[in-house]
Amino acid sequence: MSDEEILAKCAEIIGVESIAAHDDFFGVGGDSLDAAEISEVLTAETGQEVSMESVLGSPTFADMLKSLRGRS
């Protein structure tokens, strides 16, 4: 999945029109149930373990994407 596809999937789960990489998870309305669903969906679709903690612990979606991609 591309970063854009991941952001679109996160937006769909949270129930907003779109999400930018610099957006804050909680700032766009995300909650722990959304984090659990994002974790489950991204793990299934990317084949990489995406923990709920990594979703909740990332200040922005860009940080979550960097973590997912193994980038610093």
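Hello everyone. A search through the whole structure turns up two salt bridges, and I'd like to start there. Before I go on, please keep in mind that this is a predicted model.

In one of the two salt bridges, the side chain of K9 meets that of E12, with 4.0 Å from N to O. Both K9 and E12 sit in helix α1, three residues apart, and that is about one turn of the helix. E12 is exposed, and its relative accessible area is 56%.

K9 turns up again in a salt bridge with E45, where the N to O distance is 3.8 Å. Here E45 belongs to helix α2 and K9 to helix α1, so this pair ties together parts that lie 36 residues apart in sequence. E45 has a relative accessibility of 41%, so E45 counts as partly exposed. If you put the salt bridges together through their shared partners, K9, E12 and E45 join into one network.

Now let me step back to the overall fold. The secondary structure amounts to four helices and zero strands. Reading from the N terminus, the order of elements is simply α-α-α-α. On overall dimensions, a compact globule of 72 residues would have a radius of gyration near 11 Å, and this protein comes in at 10 Å, which agrees. The C-alpha trace spans about 25 × 20 × 20 Å along its principal axes.

What share of the 72 residues counts as buried? The figure is 36%. As for the surface, the protein exposes about 4,000 Å², and 50% of that is supplied by carbon and sulfur atoms. And if you take contacts between residues at least 6 apart in sequence, 51% of them join residues at least 24 apart.

Next, the aromatic residues. There are two aromatic pairs in the structure. How do the rings of F25 and F26 sit relative to each other? Their centres are 5.1 Å apart and their planes meet at 80°, so this pair is edge-to-face; the cut-off for that label is over 60 degrees. F25 and F26 also belong to one aromatic cluster together with F61.

F25 counts as buried because its relative accessibility is 3%. F26 comes out at 49%, so F26 counts as partly exposed; being exposed would take over 50%. You'll find F26 in the loop between α1, residues 3-14, and α2, residues 32-46. Its C-alpha atom is 9.0 Å from that of T60, although F26 and T60 are 34 residues apart along the chain.

Staying in the loop between α1 and α2, we also come to D31. With a relative accessibility of 34%, D31 counts as partly exposed. A polar atom of the D31 side chain lies 2.9 Å from the backbone nitrogen of D34. For a sense of distance across the model, D31 and G70 are 24 Å apart, C-alpha to C-alpha, and 39 residues apart in sequence.

Then there is L33, which is found in helix α2. Is L33 buried or exposed? L33 counts as exposed, at 66% relative accessibility.

My last stop is S58, in the loop that runs between α3, residues 52-56, and α4, residues 61-69. Why does S58 count as buried? Its relative accessibility is 12%, and the cut-off for buried is under 20%. A polar atom of the S58 side chain lies 2.6 Å from the backbone oxygen of S54. Leaving out residues up to four places away in sequence, S58 touches D63 and M64.

One is the network of K9, E12 and E45, joined by salt bridges that share partners. Another is the aromatic cluster of F25, F26 and F61. And do turn the model to find S58, in its loop between α3 and α4.

Terms used
Residues are numbered from 1 along each chain as its sequence is written. This is a predicted model: local features need pLDDT of at least 70, side-chain atom pairs count only at pLDDT 80 or more; totals for chains, interfaces and linings use all residues. Side-chain values use heavy atoms; hydrogens and water are left out. Helices (H or I, at least four residues) and strands (E, at least two) are DSSP runs, numbered from the N terminus. Buried means under 20% relative accessible area, exposed over 50%, partly exposed in between (1.4 Å probe, protein chains only). A polar contact is a pair of N or O atoms within 3.5 Å; within protein, one must be able to donate a hydrogen and the other to accept it, and residues adjacent in sequence count only if both atoms are side-chain atoms. Contact means heavy atoms within 4.5 Å. Rings of Phe, Tyr and Trp (its six-membered ring) pair if their centres lie within 6.5 Å; planes under 30 degrees apart count as stacked, over 60 as edge-to-face and the rest as tilted. The radius of gyration is taken over C-alpha atoms; the globule rule is 2.2 Å times the number of residues to the power 0.38. Accessible areas come from the Shrake-Rupley method with a 1.4 Å probe; for residues, only the protein chains shown count as cover.
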